[in-house]
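Subject: Structure handover

Hi,

Here is the structure for you to look through. My notes follow below it.

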Amino acid sequence: KLVLFGGLNDCSSRNIRPLPGGGAVAGTFRLPAGVLQDMLHTGAISVVPGGSAENCLASVMAASPARRWEAAGGTLDSLGDAVLARQGDIQRRKWFKSILGLDVGADD
């Protein structure tokens, strides 16, 4: 069963919400007022050029979890980026195991 991380708020194995297309999401997150704008301004996040937000979200969600970063336009441009991405994947799997008791693979 596919379970996606939604955020640290209300995140527990007893609070996993089903998704309409199958699978589920655990937790949510909330940003304080102005944080999203600050992240855009500093370049921490960016708006995907072209197309509508709905089409972009649909194409990203249609991709497997392992491919969503790429589907959203993310790239690994150096060996250092690849090393950090791999470490992040390992930590993600550990997090799902320790917090939710779920074994997730690299492609989940």
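Start with Arg-68, which lies in helix α3 (residues 68–71). Helices here are DSSP runs of H or I with at least four residues, strands are runs of E with at least two, and both are numbered from the N terminus. Arg-68 counts as buried because its relative accessibility is 15%. The cut-offs are under 20% relative accessible area for buried, over 50% for exposed, and partly exposed in between (1.4 Å probe, protein chains only). The Arg-68 side chain reaches the backbone oxygen of Ala-63 at 3.1 Å.

Before you go further, note the basis. This is a predicted model: local features need pLDDT of at least 70, side-chain atom pairs count only at pLDDT 80 or more, and totals for chains, interfaces and linings use all residues. Residues are numbered from 1 along each chain as its sequence is written, and side-chain values use heavy atoms, with hydrogens and water left out.

Confidence next. The chain averages a pLDDT of 78, and 75% of the residues score at least 70. Where pLDDT is low, the predicted coordinates should not be read in detail.

Now the overall layout. The chain has 3 strands and 4 helices. Along the sequence they run β-β-β-α-α-α-α. Of the 108 residues, 15% count as buried. Of the contacts (heavy atoms within 4.5 Å) with a separation of 6 or more, 25% are between residues 24 or more positions apart. The accessible surface of the chain is about 7,900 Å², and 59% of that belongs to carbon and sulfur atoms.

One surface feature to check: Phe-29, Leu-31, Leu-36, Leu-40, Ile-45 and Val-47 make a nonpolar patch of about 560 Å². Patch residues have over 30% relative accessible area and no salt bridge, and nonpolar side chains are joined within 5 Å. A salt bridge means a side-chain nitrogen of Lys or Arg within 4 Å of a carboxyl oxygen of Asp or Glu. Leu-40 is in helix α1 (residues 35–42). At 39% relative accessibility, Leu-40 counts as partly exposed.

Last, Asp-89 in helix α4 (residues 79–100). Asp-89 has 40% relative accessibility, so it counts as partly exposed.

Best wishes

Technical notes:
A polar contact is a pair of N or O atoms within 3.5 Å; within protein, one must be able to donate a hydrogen and the other to accept it, and residues adjacent in sequence count only if both atoms are side-chain atoms. Patches are made of residues with over 30% relative accessible area and no salt bridge: like charges are joined within 9 Å, nonpolar side chains (Val, Leu, Ile, Met, Phe, Trp, Tyr) within 5 Å. Accessible areas come from the Shrake-Rupley method with a 1.4 Å probe; for residues, only the protein chains shown count as cover. pLDDT is the predictor's confidence in each residue, from 0 to 100.
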